[in-house]
Amino acid sequence: MTLRHGICANRAQFGLQLLQVLLVGMAIGMMRNVVPALAETEFGVPRGSFVLLVAFVVAFGVVKGSLNFVAGRLAERLGRQRVLLAGWLVALPIPFMVYLAPNWAWVVAATVLLGVNQGLTWSMTQTAKLDLTRADQRGLVIGLNEFAGYLGVAIAGVATGYLATALGPREGLLWFGGVVIGLGALLSAWAVAETLPWARAELKAHAGGAAATGHRPRYPERVSAEPSTRELFALMSWRDRRLVALCQAGLVEKFVDALVWVFWPVFLHQRGVSLPGIGWIVGVYGFTWGAAQLATGRLSDQWGRHALNTGGMWLCGLGVALMPLGDGVAWWSFAAALAGLGMAMLYPNLSAAVADIAHPNWRASAIGIYRFWRDLGYGVGALGLGLAAAWGGSVQAAFWFVAVAMGLSGACLWAWGEETHPRLNPAP
């Protein structure tokens, strides 16, 4: 059977993969509103213990980053569908652990499993969609992937706020998490197809000189035909300046997500906002991020990645800085929308830029290593947030830490990076 690449040619499987990433986003979203807001009253975290509060996100970031790295290599050997299913099976105990948690250590342990789940499942949904589609659809594909995922995050934040109010925080999270994780596991086992054959078909086309777009990407030089894990890690982390620029930007932009996860709910809760209200304000960030990616991913296919990535870093940092400078729901929602728009400009297009210059033979591994550095930003950023808040004596100090980091990282990306789109900057 001849395998065809493209969204329309594979619309049924593409749609199933979009549903998968929606559920993946809902799985992480259930932990991003109720849990940090009620850490003191429900799980016994002492007031003002900022470093202890961020411990669960530090654990999540380290585990998810490491699993992203492992997932890329496993996917090239075992296949995408098996790794996806394994990610869902690991997540099954999470809602029960939170429901039964006698203290904060149980929440941290549940978040470790969530990190495994997210590292395996989100990596595979993105890799599988890239397998199925053409190179000239890459920005759109990743935009759709991240739109669905962060739409799920936003929906979960709002839904768990209402469920926690109606049923109680523990029971609300139990029912929501059980349904989401159970459905994800069932669909991955019975409906999702293995996409590794599409990746191999693309590799054969490249070997035969049949580039899909007629423009050869600027692949890194002096890379083995079958590069080892060590060679690829070195290439992504320090050898290729463009890939280093993308990886450091990915790491720092996760500082924003760690801030939104840990300190936005605490900041708003301290100002008297209800759990559903927190869910809606944080949801503005997620909805804006998710919806705008439908445009920004596609725009990068037409205009290029580099300017959108750099501008997104700076705009997102501005939104973070504005949050503590004003008061009221309208102001906080505006700042959240600004940060979400900046994130929409950079988030899918950093990944698309990596995919542009990663050879099909090792693209899954390259994406895994990029996602390792990116999601390690959860851990590094959360630790930085906790220390900044502890030294500054308030949550607001964490906002300034993130805003400055985003500005500096955007400058590094502009200086070290370049346009990666094969049509706009093809290889000679």
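**Group meeting: helices and cavities in a predicted model**

Hi everyone, let's start with helix H5, residues 55-78: its 24 residues reach 33 Å from first C-alpha to last, close to the 34 Å expected at 1.5 Å a residue. That expected span is 1.5 Å times one less than the number of residues, and helices here are DSSP runs of H or I with at least four residues, numbered from the N terminus. Just after H5, Gly79 has a positive phi of about 105 degrees.

Some ground rules. This is a predicted model, where local features need pLDDT of at least 70, side-chain atom pairs count only at pLDDT 80 or more, and totals for chains, interfaces and linings use all residues. Residues are numbered from 1 along each chain as its sequence is written, and side-chain values use heavy atoms, with hydrogens and water left out.

How confident is the predictor? On pLDDT, its per-residue confidence from 0 to 100, the protein chain averages 91, with 98% of residues at 70 or more.

Now a helix pair. The axes of H14 (residues 275-303) and H16 (residues 329-356) come within 7 Å and cross at roughly 35 degrees; axes are lines fitted to C-alpha atoms over the stretch in contact, and angles run from 0 to 180 degrees between N-to-C directions. Their contact has 16 nonpolar, eight polar and no charged residues, where Ala, Val, Leu, Ile, Met, Phe, Trp, Tyr, Cys and Pro count as nonpolar, Asp, Glu, Lys and Arg as charged, and the others, Gly among them, as polar.

On to the cavities: sets of points on a 1 Å grid over the protein atoms alone where a 1.4 Å probe fits but cannot get out, with lining residues having an atom within 4 Å of a point. Points are joined across faces, edges and corners, and volume is the space filled by probe spheres set on them. There are four cavities of 30 Å³ or more.

Which helix gives the most to the lining of the largest cavity? H14 does, with six residues. That cavity holds about 90 Å³, and its lining includes Arg32, Asn33, Ile278 and Tyr285. By class, the lining has six nonpolar, five polar and one charged residues.

The second largest cavity holds about 40 Å³. Arg242, Arg305, His306 and Glu418 are among its lining residues, and the lining divides into three nonpolar, four polar and three charged.

Methods: Helices (H or I, at least four residues) and strands (E, at least two) are DSSP runs, numbered from the N terminus. pLDDT is the predictor's confidence in each residue, from 0 to 100. On a 1 Å grid over the protein atoms alone, a cavity is a set of points where a 1.4 Å probe fits but cannot get out, and a pocket is an open set with protein on both sides within 12 Å along at least five of seven lines; lining residues have an atom within 4 Å of a point.
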